[in-house]
Amino acid sequence: MSKRKNPSDTDNLNGDFCDFLMELAEYEKNVSRNIHKYNAYKKAASVLASHHKRIESGEEAKKLNGIGEKIAKKIEEFLQTGKLKKLENIHEDEEAQAINLLTRISGIGPVKAAELVREGIKTIEDLRKNHEKLTHHQMVGLKYFEDFEAKIPRTEIEEIEKKLKGLINKLDPEFTVTICGSYRRGKKESGDIDALITHPSVKTSDGKKKNKEHEKLLKKLVDGLKGLVTDTISLGDTKFMGVCRLSEDLPARRLDIRLIPCEQYYCAILYFTGSDVFNKSMRAHALEHGFTLNEYSLRPIGSTGVPGEPVPLSSEEEIFEYIDYPFKKPEERSV
Ligand code: 8DG
Ligand code: CA
Ligand code: CA
């Protein structure tokens with residue numbers, strides 16, 4: 001999951017509220033480590049971002065689903081005073097700012113950031129002097145700190161997609177490659193690149209022996225990407241996390257590649273296209289219609305409450321059909 005997000009799009013009439021709510025959300029996640037508050041702020045920001053009219057009072061905000069007393073009060077305070085006391089206090093809290101900064105490095109989470117700050121490591125410069133305290137992932141994150149903060153223009157991902165597909169096709173034309181995430185949702189820029197790959201020979205139903213052969217498949221595939229991939233953060237049997245770069249004059253970009261069994265491909269594509277808020281609402285809808293949906297499968301829930309066998313799928317549309325959810329094109333899933 002890339003860090004720093006903001007649902008405040010250009011046509012968002014409540015963008016200023018969303019900005020401060022997202023900043024509070026980040027604070028709760030990184031500094032307080034209160035995931036419930038983080039989710040509450042994020043939910044409120046997302047609801048406000050898609051609201052068709054400008055909110056003019058806390059009272060009015062409270063009527064929206066997902067906005068309770070406390071958040072409504074903050075909106076009221078912001079409308080009245082043009083600022084937020086809580087946020088001002090956070091801005092003055094040096095330790096909180098240092099933790100927030102360090103969590104912007106790929107691989108550094110809130111716990112590690114707090115630990116570093118406790119040891120007096122508070123800036124990127126401090127970290128560069130203490131890189132022995134970092135894991136390999138965190139070191140790669142630090143090395144490319146500035147690069148990874150930059151959004152990736154859509155046109156550049158189109159080029160990377162072409163190159164990636166070309167190289168993978170050369171290895172075996174039976175591979176299917178789909179770049180998911182915000183790129184598939186049609187966004188003009190993305191935080192990272194989420195590539196999903198499948199091959200007719202990669203099956204969940206395979207016995208242990210056959211799976212052994214596939215263990216090396218992703219490694220071979222990544223070997224074939226020299227010239228595009230510059231660093232490996234981690235490489236397992238099903239997931240590669242790393243770095244790619246189109247040319248010397250462009251920033252390095254975060255690239256994840258997942259090798260998915262073909263039976264699971266459509267559920268995986270759906271899941272990794274997101275957005276995460278869209279996924280949550282679709283999962284909830286599935287449950288209401290007697291199905292459980294996740295990144296691997298769609299399964300009917302029997303009368304005993306136990307999920308049955310995965311439904312065989314041959315397209316993403318079919319998932320929507322099974323649960324009676326009006327089909328949404330990827331571009332319509334950025335809620
Ligand atoms: P971005 O990279 O441009 O910032 O946006 P994104 O492509 O939408 O976000 P992402 O963090 O790269 O995640 C890609 C999709 O994966 C996301 O849209 C939905 C799905 N997803 C969830 N939850 C999680 C999660 O906890 N971790 C990851 N890595 N992906 C998740 O729904
Ligand atoms: Ca990602
Ligand atoms: Ca992404």
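Colleague: Which residues coordinate the calcium ion (ligand 3)?
Modeller: This is a predicted model: local features need pLDDT of at least 70, side-chain atom pairs count only at pLDDT 80 or more, and totals for chains, interfaces and linings use all residues. Residues are numbered from 1 along each chain, chains are lettered from A and ligands numbered from 1 as written, and side-chain values use heavy atoms, without hydrogens or water. Donors are N, O and S atoms within 2.8 Å of the metal (3.2 Å for Na, K and Ca); water is not among the atoms, so sites may look incomplete. At 2.1 to 2.3 Å, the coordinating residues are Asp192 (OD) and Asp194 (OD).

Colleague: Which residue bridges the calcium ion (ligand 3) and the calcium ion (ligand 2)?
Modeller: The calcium ion (ligand 2) is coordinated by Asp192 (OD), Asp192 (OD) and Asp194 (OD), at 2.2 to 3.1 Å. The two ions lie 3.6 Å apart, and the bridge is aspartate 192.

Colleague: Is aspartate 192 buried or exposed?
Modeller: Buried means under 20% relative accessible area, exposed over 50%, partly exposed in between (1.4 Å probe, protein chains only). Aspartate 192 has 13% relative accessibility, so this residue counts as buried.

Colleague: Which residue forms a salt bridge with arginine 245?
Modeller: A salt bridge puts a side-chain nitrogen of Lys or Arg within 4 Å of a carboxyl oxygen of Asp or Glu. Here the closest N and O atoms are 3.4 Å apart, and the partner of arginine 245 is aspartate 147.

Colleague: Where in the chain does aspartate 147 lie?
Modeller: Helices (H or I, at least four residues) and strands (E, at least two) are DSSP runs, numbered from the N terminus. Arginine 245 sits in the loop between strand S6 (239–244) and strand S7 (253–260). Its partner, 98 residues apart, is in helix H10 (residues 145–149).
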